[in-house]
Amino acid sequence: MKSRHKRLFGIGLGLLLVCGALFFVLNAFQSNLVFFFTPTQVAAGEAPKDGHFRVGGLVKEGSIQRDGMAVAFVVTDTHQEVPVSYVGFLPDLFKEGKGVVAQGRLNASRQFVASEVLAKHDENYMPPEAQHALDEAAKARMGAAVAQ
């Protein structure tokens with residue numbers, strides 16, 4: 001084999017290895033990618049029906065129901081609501097009227113089955129996506145009140 005052919009073979013093999021590594025990295029990234037949706041978006045059907053995603057907002061007052069390790073509650077953005085069920089330990093800061101982000105998927109009856117529940121960690125913090133959703137819902141309510 002000529003040196004020119006050896007060099008082309010080496011370059012081709014190197015490109016093949018880089019492409020293979022890139023494929024595995026992108027595949028791992030895509031499988032771990034989780035999008036955030038508001039309760040309004042979930043109610044509108046914008047959330048994936050078969051995939052994992054996050055839903056966030058406020059825990060509706062009076063909606064928490066505990067049965068041992070199983071907990072059911074409602075997440076709201078003050079415009080729409082999503083019923084959530086979770087089995088496991090909840091964060092200490094999880095309370096009614098406080099911000100929450102739950103990760104999981106919708107079941108056949110359109111109830112969100114959470115695999116993880118995150119609560120805001122201090123009085124001033126709320127996940128940016130949840131805060132944006134609450135701000136948008138407040139603007140919509142103000143617009144509806146002005147129109148009446």
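**Ground rules.** I number residues from 1 along each chain as its sequence is written, and my side-chain values use heavy atoms, with hydrogens and water left out. Since the model is predicted, local features need pLDDT of at least 70 and side-chain atom pairs count only at pLDDT 80 or more, while totals for chains, interfaces and linings use all residues.

**Entry 1: strand 4.** I looked up burial (buried is under 20% relative accessible area, exposed over 50%, partly exposed in between; 1.4 Å probe, protein chains only).

Next I checked its partners (two strands pair if DSSP finds at least two bridges between them). Strand 2, residues 53–59, pairs with strand 4 in the antiparallel sense over two bridges. Strand 3, residues 65–67, is also antiparallel to strand 4, over three bridges. Strand 5, residues 81–87, runs antiparallel to strand 4 and is joined to it by seven bridges.

I noted one residue pair for each. Leu58 has Thr76 as its bridge partner in strand 4. Gln65 stands opposite Ala72. Val75 is bridged to Val82 in strand 5.

Then I looked at the turns. Two residues separate strand 3 and strand 4 in their hairpin, and Gly68 in that turn has a positive phi of about 70°. The hairpin of strand 4 and strand 5 has four residues between the strands; there Thr78 takes a positive phi near 70°.

**Entry 2: Thr76.** I came back to this strand 4 residue. Thr76 is at 10% relative accessibility, so it counts as buried. I found its side chain reaching the backbone oxygen of Gln80 at 3.0 Å.

**Entry 3: strand 6.** Strand 6, residues 99–106, is mostly covered, with seven of its eight residues buried. Six bridges join it to strand 2, antiparallel. I picked out Val55, whose bridge partner in strand 6 is Ala102. Strand 7 also runs antiparallel to strand 6, over seven bridges. Here Val100 has Ala119 as its partner in strand 7. The hairpin of strands 6 and 7 has five residues between them, and Arg110 takes a positive phi near 65°.

**Entry 4: aromatic pairs.** I counted four in the structure. The cut-offs: rings of Phe, Tyr and Trp (its six-membered ring) pair if their centres lie within 6.5 Å; planes under 30 degrees apart are stacked, over 60 edge-to-face, the rest tilted. The ring centres of Phe23 and Phe24 are 5.4 Å apart with planes at 65°, so this pair is edge-to-face. Both residues are exposed.

I then took Phe53 and Phe112. Their centres are 5.1 Å apart and their planes at 65°, so this pair is edge-to-face. Phe53 lies in strand 2 and Phe112 in strand 7 (residues 112–119), so the pair ties together parts that are 59 residues apart in sequence. Phe53 is buried at 0% relative accessible area. Phe112 is buried, with 0% as well. Phe37, Phe53 and Phe112 form one aromatic cluster.

**Entry 5: helix 1.** Last, I checked Leu13, which sits in helix 1, residues 3–31. At 41% relative accessibility, Leu13 counts as partly exposed.

How values were computed: A polar contact is a pair of N or O atoms within 3.5 Å; within protein, one must be able to donate a hydrogen and the other to accept it, and residues adjacent in sequence count only if both atoms are side-chain atoms.
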